[in-house]
Amino acid sequence: MAPTGSAITGQLKQIVYYHLDNISYDNALFFAERLATHDRSSESVYLFALCHFRLGDHQSAYDISKAIGYRGTNASCSYIFAQCCLALGQHKEGILALEKSRGLWSQKSSLGKHNATSRAQHPDIASAACLLGKLYRAYDDKKKAALNFEEALKINPFMWDAFTALCDMGVTVRTANIFKLNATLMEGLSNDQLSGILSEQKDSSIAANPMEPLPKKAAIRSAIFDTALDPFDSHRSTTGNEMLLAANFLSGENDFISKISAARSKMATVEYAIDSVETPTSNHNDSNIPRINYLPEPPHAPARKAREARLADSGLADIAPKMGYRAGTKRTLKMQDRSHDDHLPESNTALLKPSVSGAPGVERKRTVSGHPVQPKQPSEEPGAPQRRSERIIKSRGANAKANSASSTVGASRELRRARPPVSRIVRPNSSSSNVGRAVSGNRKPLEENGMDVDQAEAPRIKEIYPQPPIIRPFVEPESVKVQETLKYLLELLKKFGSGYFALSQFRCADALAFYTSLPQTHQDTPWVLSQMGRAYYEQASYAEAEKCYRRLRIAAPSRFEDMEVYSTILWFLKRETDLSFLAHELVDMSWHSPQAWCALGNAWSLAREHEQALRCFKRATQLNPKFAYAFTLQGHEHVANEEYEKALTAYRRAISADRRHYNAYYGIGRVHEKLGNYDKAYTHFHSASVINPTNAVLICCIGHVLEKQRRPVQALQFFTKATELAPQAAQSRYKKARALLALNRLDEAQKELEILKTLAPDESTVHFLLGTLYKALNDKGASVRHFTIALNLDPKASHQIKEAIESFEDDENYNDSMMA
């Protein structure tokens, strides 16, 4: 009979998903093509396009999914089509496809549906909204992009890329309102999703801490296998209900083991009340053992079959339960328990292995005179017991025949030897005269289950000691566990988000405070080290930034992200050897990495090989046309070569790649300042300071332009702000002191210069300015001393310094002429 088309389609889908889950994309693509050929449905098209997309073939995925995805008739096809549009730069088509399919988006978050056995096959509303936001951002529609990112975060606050996109766009966000449990998130978590989350938590907790209690089903299965290892250990007893439930789970397991487990669970409570027991008198393996408080009248013992006698040679006959010992004192019972435990098998398989000698089982049988029965060798004659394989196949039939057969005494004594010992406890009508007798046919008729109990012990048996109450630990509701887990993760994300947002606003001190408040394990991760290094870099603390990136290179030597920043830090520190090593190491690892080419360009720039540096930066922009920092570095090299028009072009391309790249605005301002266009320079410096209001260098540049425009009062305000932002920055403090001196505010200028002398004691310009100050204060000795120090530190400025010293003589000559 040929299979149906739906069956073939379903099987092919299973194969495709199997290979996708196992990251075998080539196999998935092959079977997805077979599926698309056999079935023309939209889901088959989606899987076919998905396989191409996973393999990085965006153009093929675009072509396959366009027919259905662009029309918006299937949410999954539209989603994969939009992903391809984002990768290929077809932003408008992707926006239209997602907008058309908006009504088909799943209105609930699929968070919680993903575990080891199930997953959400199609994107939910949060993922679709985030993708739409990325398309709008690439299409330069900032407003709609922000709205879609906000929608994604409201539904699922774990959409980290939506949050980072908002921060990178310069949108003011409140992390406390984003990373918190809200009604939308809890409504999206249905019961099925909660079950998925909890199953993941339980699996991980069992793997992490095997000493914790198992889940109910796992505990039952574990209890069954523990019981099978040692079915007669009274300290591992389970209740009858648990064993009954376990039988349902293990219905396909060994039937014989399950019967032993059931019998042991019902008789376990009796073993605590036994002082002495009798030699077993029947081979009993029935699981329907009566309860202790209700003892029915036993029937006659059934006749023994040949295949039942085979059990005497097995390990089960040797390992008798504790209830099958000879009557005696508690001391004797303990000694027998100890010897019995020494013979217990170590594994479940040992129970089913035949005993070599069978001696322990025979030693418990005694003749009328009390002598132990000698063991007999197994016979190979036709009347000998069957082999173990035949006995297992026919065990159920043999048990049925054994229970229904009439009582017979004519069976051979050889086949009746070594019956599995059974306790007297459940044989209340047994006579005490049977103690020490051999197993024979002249016995009193047995009760229902073939067991007897000594009459003298019957009253004692009914006295069952109460078991201690089971103390069950308090179990929290499942929803509470999920909420507590989500709260913990959201609190952790709040710290990450607060640090990232603060750094995006260039509040570097706040960002460092948030990152250092993270647990140490998270602080040592490459992402956090990179963020902290960038924060120090923006503060111009290059030594601290270099330490962070050095640790980053040790933790993740193959990481390329932010390596262009690390290379710039080494450039500022003038570490030519380290920079060259970093550049060549990155290029050797990946020839197609734009960050590697930026590092190599910085190495050439530090060596003053500007043409070689320009080639490297141009190669980086070819590899990534949206790499704004590479365009900025390219502009810096053009400025060094005094190619100002080319520099302006490179800076403008950087701004087109990233509107918030303040370094490009700063570069354009520098070019206009060199060209004497102070108004344009002021405009671009101010634009850069709006993006990065905490950068002291930008504030200083604005003040310097105002100073050039003969506006010293406004310039002094910016210099003062720069010194507040960077108290240890000598350049901004020098310009402030110079502005104060120009405004004839000598006392304030003297304070700033004294601080500056401490910060830069070997700077000739500082001493020259101090000489000028003391000259204005008519302190000739101090003025000449500082002029002399400046001349020694910078002999090239001797002409200007000598003119300042000679001006003293001119003033003295002028004063003398006035006196005359």
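Biologist: Which is cysteine 85, buried or exposed?

Modeller: This is a predicted model: local features need pLDDT of at least 70, side-chain atom pairs count only at pLDDT 80 or more, and totals for chains, interfaces and linings use all residues. Residues are numbered from 1 along each chain as its sequence is written, and side-chain values use heavy atoms, leaving out hydrogens and water. Buried means under 20% relative accessible area, exposed over 50%, partly exposed in between (1.4 Å probe, protein chains only). Cysteine 85 has 0% relative accessibility, so cysteine 85 counts as buried.

Biologist: How far from the sulfur of cysteine 85 is the closest cysteine sulfur?

Modeller: A disulfide is a pair of cysteine sulfur atoms within 2.5 Å. The closest sulfur belongs to cysteine 84, too far for a bond, at 6.9 Å.

Biologist: How is helix 31 oriented relative to helix 32?

Modeller: Helices are DSSP runs (H or I, at least four residues), numbered from the N terminus. The axes, lines fitted to C-alpha atoms over the stretch in contact, come within 9 Å and cross at roughly 160 degrees. Angles run from 0 to 180 degrees between N-to-C directions; under 35 is roughly parallel, 65 to 115 roughly perpendicular, over 145 roughly antiparallel and the rest oblique. So helix 31 and helix 32 are roughly antiparallel.

Biologist: Which helix holds arginine 733?

Modeller: Arginine 733 is buried, at 8% relative accessibility. Beyond four places in sequence, its contacts (heavy atoms within 4.5 Å) include Glu752 and Leu756. Arginine 733 lies within residues 730–742, which form helix 38.

Technical notes. Helix = DSSP H or I, 4+ residues; strand = E, 2+ residues; numbered from the N terminus.
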